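Here is a short briefing to read alongside the sequence and the model. Have both open, and let's go through the contacts and the strands together.

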Amino acid sequence: QVQLEESGGGLVQAGGSLRLSCAASGRTVSYLDMGWYRQAPGKEREFLARIWWSTLGTYYGDSVKGRFTISGDNAKNTVYLQMNSLNPEDTAVYYCAARSVSPIYTYWGQGTQVTVAS
């Protein structure tokens, strides 16, 4: 069984930064890519960023482009999300996800809360 565990969430003032981590453990899986999503109260889950392990190429959602940076350590199956210039609209539960051969993300973490105070 695969487990993804996020950490690094918390309360931060507007304009501040946070770094989220997500570590995969359990059954050994060769991941194609890992990504980050978030979900704010009353809103749909929003794609933020993904990183492909074969090339370390990255892709970002428009709402976070230029402010968030995804990185990772393939050997540790760990992905990070550096979040800068946070604003209250970034308040949400942040989830990491991973996929191996599936065209969609099949593994999800439990989420970590990020709250940005104005």
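In this predicted model, Asp90 and Arg67 are both buried, where buried means under 20% relative accessible area, exposed over 50% and partly exposed in between, with a 1.4 Å probe and protein chains only. Their side chains meet in a salt bridge at 2.8 Å, N to O; a salt bridge here is a side-chain nitrogen of Lys or Arg within 4 Å of a carboxyl oxygen of Asp or Glu. Asp90 lies in the loop between β8 and β9 and Arg67 in the loop between β6 (58–60) and β7, so the pair ties together parts that are 23 residues apart in sequence. Salt bridges with shared partners join Arg38, Glu46, Arg67 and Asp90 into one network.

As for ground rules, local features need pLDDT of at least 70 and side-chain atom pairs count only at pLDDT 80 or more, while totals for chains, interfaces and linings use all residues of this predicted model. Residues are numbered from 1 along each chain as its sequence is written, and side-chain values use heavy atoms, with hydrogens and water left out.

- Arg38 is found in strand β4; strands (E, at least two residues) and helices (H or I, at least four) are DSSP runs, numbered from the N terminus.
- Arg38 counts as buried because its relative accessible area is 7%.
- The Arg38 side chain makes polar contacts with the side chains of Asp90 at 2.8 Å and Tyr94 at 2.9 Å.
- A polar contact is a pair of N or O atoms within 3.5 Å; within protein, one must be able to donate a hydrogen and the other to accept it, and residues adjacent in sequence count only if both atoms are side-chain atoms.
- Not counting residues up to four places away in sequence, Arg38 touches a set of residues including Glu46, Leu48, Phe68 and Val93, contact meaning heavy atoms within 4.5 Å.

**Other salt bridges**
- The structure holds six salt bridges.
- Arg99 forms one with Asp33, with the closest N and O atoms 2.5 Å apart.
- That pair links distant parts of the chain, with Arg99 in strand β9 and Asp33 in strand β4, 66 residues apart.
- Arg99 and Asp33 are both buried.
- Lys65 and Asp62 also meet through their side chains in a salt bridge (3.1 Å, N to O).
- Asp62 counts as exposed because its relative accessible area is 68%.

**Tyr37**
- Tyr37 is found in strand β4 (residues 33–39).
- Tyr37 counts as buried because its relative accessibility is 16%.
- Leaving aside neighbours within four places in sequence, Tyr37 is in contact with residues including Arg45, Phe47, Tyr95 and Trp108.
- Tyr105 is 68 residues from Tyr37 in sequence, yet the two are 11 Å apart in space, C-alpha to C-alpha.

**Sheet and core**
- Four strands form an open sheet in the order β1-β3-β8-β7, with antiparallel pairing; two strands pair if DSSP finds at least two bridges between them.
- β1 (2–7) and β7 (68–73) are the edge strands, each pairing on one side only.
- β1 and strand β3 (residues 18–26) pair in the antiparallel sense over six bridges, and Ser7 has Ser21 in β3 as its bridge partner.
- The largest nonpolar core has 31 residues, of which Leu4, Trp36, Leu81, Met83 and Tyr94 touch the most other members.
- A nonpolar core is a set of buried Ala, Val, Leu, Ile, Met, Phe, Trp, Tyr and Cys residues joined through side-chain atoms within 4.5 Å.
- Among the elements that give two or more residues to this core are β4, β5 (46–52), β9 (92–99) and β11 (112–117).
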